[in-house]
Structures are given as C-alpha cells and as structure tokens.
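User: I am new to this structure and would like a close look at a single part of it. Please start with the setting and then go to the part itself.

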Amino acid sequence: MKKQLYWEDVNIGQEIPPLTKVATTLALVKWAGAFGDYNPLHYDNDFAVNFMKTGGVIAHGTLKRQWLIQMLTDWIGDEGWLKRIQTQFRIMDYPRRMKTLVEPEDGDTLTCKGKVTARSEKGGEYIVECEIWLENGKGEITTGGSATVMLPVKK
Amino acid sequence: MTSETLKGLIGRKGKPQVYEVTRTDIRKIADAAGDRNPLYWDDEYAAKSGYGGLIAPPDFFGWPVKWGPGLTFVNSSDLFGEIAGEIAKAGYTRAINAGMESEYYLPIRPGDTIIITSELVGIEEKEGKKGGKMLISTIEMTMVNQNGDVVARQRHSGIH
C-alpha cells in the first residue's frame, strides 16, 4: 500500500510534493484519443498557426489539469478524496516534438506544484484547501487553480 | 446576432450522453496522463483498498461529453458543438478552454453507466484586452450513475 497522508499531519503553508511532466506531441495525441477531445488545435500545426493563431499546437488544458489531479491524488493517498478542483488556463504550453519513437526533443519540462492554504473540520469531514499551479520551464504559472481534499484522521 | 440573442441561448440543454464505463477506458485515460496509480490499474490492489475495486481517475468523463462518438469537432450534435455553431454566427469562430471546475461526490467504477447532462449557464460579451470583443461561455455538466446518484458536476468556461 502507498503511504497514507493524515489530516493531523498537514499544516498551512505546507508544500505538496511536486510532479514533473513533459508535454510531447505524442502525449497530446494519446490524450486527444483517450479523452475524446478531437480539436485539431492539439495536433494540426497549420490549423493552430493559421486559424487559431496560437503559434503552434498547444497542450490540452484538460491534460494539464489531469496532471494537477495526479499530483493531488498521489499526495492524499488511497484514503484521501479529491472533492473539488478548479483550474484556469492562463498561458499556453507548447509540446516538445519527438526525436525518436520514444524520446522527445530537448525543451520545456512542466512542474505541478501546490501548497496548503487552509484546514478545517466540518460535519465530520476533515478538509484541506490548497492552491495549485503548473509552472513552465521559465517558472511562469501557465495554469492556476485551487482544490479541496478530504483526508482521514488517525484512530 | 445581437448580444441579446446570444443571452437567449442561456438555459439551452444538450442531449444526455450515456457512457458505459469499462476498464479499458479507465486505463486509456490513466495511461494518456502517465498516471500509474494502482487504483486504476491493479484489480487485486484496488480490491484491498477502501474502494473495494478498480476506480476511474477524477475528470474521467471526457469522452463522449465534448464531441460524441464518431463526431468531429466541427460536426457535433452535442451542446458544445451546438453552442459553437450558434456563436459562430455572431462572429466568434474560435474556442479556447479558459477554465474548469469539478466537484466529485462518488467514485466511478468499471461497469457503471454514467448519464451526462449539460446546460449552458452563462454567456457574456466582454471587451478584449487588445480591443475588439470576446465572448465567455459557461457550460455545466452533471454526471449521474445507474443508481441515480450524482457522481460529479463540472463547469467549463470557454473564451471565444
């Protein structure tokens, strides 16, 4: 079993263990297929440049959000429950192209981060509020947001 | 199309979408996100957890909510596509996902049937930063399982 986080062990200001991810053209196509988002903005470079004027294909907001979700579910463990997550997509993230079948070109690495902003007990639920965000390689916040998680307490 | 006509779209509901959840769908989503959480992959592990079995990751219900099965981005019969078509008449032909908020109430499991309803709850024209107008749309979706329990709600904001 994975390590379990308990409500008593969480303090305001505490950082959530970060999670790093690389957006590649391969990852974007996989996500488009698995999630059912067939918007050509995420795989057709000419469409992205000429029609959407984004300068190139961009990573799905929903994928960046799923990475933030993973950071949270890894942190809260099997007995934690993600109650709410809110994300705003502020800056576009461009994928790395593939160099080989398995290896991407050098480029940006994205990091999911977060910290605890509040802790409360309400109606028998032990709640932790967090600020969450995704940073690009330049340290800019490309996705911002917040989340509410419920944690177990020690017996 | 005037601002008032656009406002008239508020309350428009999408055709409910029915999603039968399989292990394969769950693993496709987890794999595409690069998430190896055993609760999504390992039946034996998940059976011993508090969930008593495999579950889907939060925000699992993407497909077929956005553009139904077999439909393309521009030829959709669902609410996202319908709204996109209507607001295109007002000159807003692009769409960017601006933000999302979800609340999760119950886990989604393989074998579940999830019915997803959607409604346009907001539409607002604003002055853009670089001059010119922009449009913000908000769609709310509700996911209900085969027992009639609401498993999640989600709000999507689009910038057009």
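What share of the contacts in chain B with a separation of 6 or more comes from residues 24 or more positions apart? And which residues of helix 2 of chain B are buried, and what do they pack against?

Analyst: This is a predicted model. In chain B, residues 24 or more positions apart make up 63% of the contacts with a separation of 6 or more. The chain has five helices and five strands, in the order α-β-α-α-α-α-β-β-β-β along the sequence. Of its 160 residues, 37% count as buried.

Helix 2 of chain B spans residues 23–33, and its buried residues are B:Asp25, B:Ile26, B:Ile29, B:Ala30, B:Ala32 and B:Ala33. They lie on the same side of helix 2 of chain B, because the arc they cover around the axis is only 165 degrees. An α-helix has 3.6 residues a turn, so residues three or four places apart point the same way. The buried residues of helix 2 of chain B pack against helix 3 (38–41) of chain B, and also against helix 1 (25–35) and helix 3 (61–76) of chain A. After helix 2 of chain B comes B:Gly34, with a positive phi near 75 degrees.

As for the two chains together, 30 residues of chain A are in contact with 29 residues of chain B. On the side of chain A that touches chain B, helix 3 of chain A gives the most, with nine residues. That side of chain A divides into 12 nonpolar, 10 polar and eight charged residues. The chains also meet through strands: strand 2 of chain A and strand 2 (residues 96–104) of chain B run antiparallel and are joined by five bridges. There, A:Gln88 stands opposite B:Gly99.

Methods:
Residues numbered from 1 in each chain as written. Chains lettered and ligands numbered in written order. Predicted model: local features only at pLDDT ≥ 70, side-chain atom pairs only at ≥ 80, totals over all residues. Buried ≥ 20, exposed ≤ 12 C-beta atoms within 10 Å, placed from the backbone. Helix = DSSP H or I, 4+ residues; strand = E, 2+ residues; numbered from the N terminus. Arc of directions from axis to C-beta. Contact = placed C-beta atoms within 7 Å. Nonpolar A, V, L, I, M, F, W, Y, C, P; charged D, E, K, R; others polar. Pairing = 2+ DSSP bridges.
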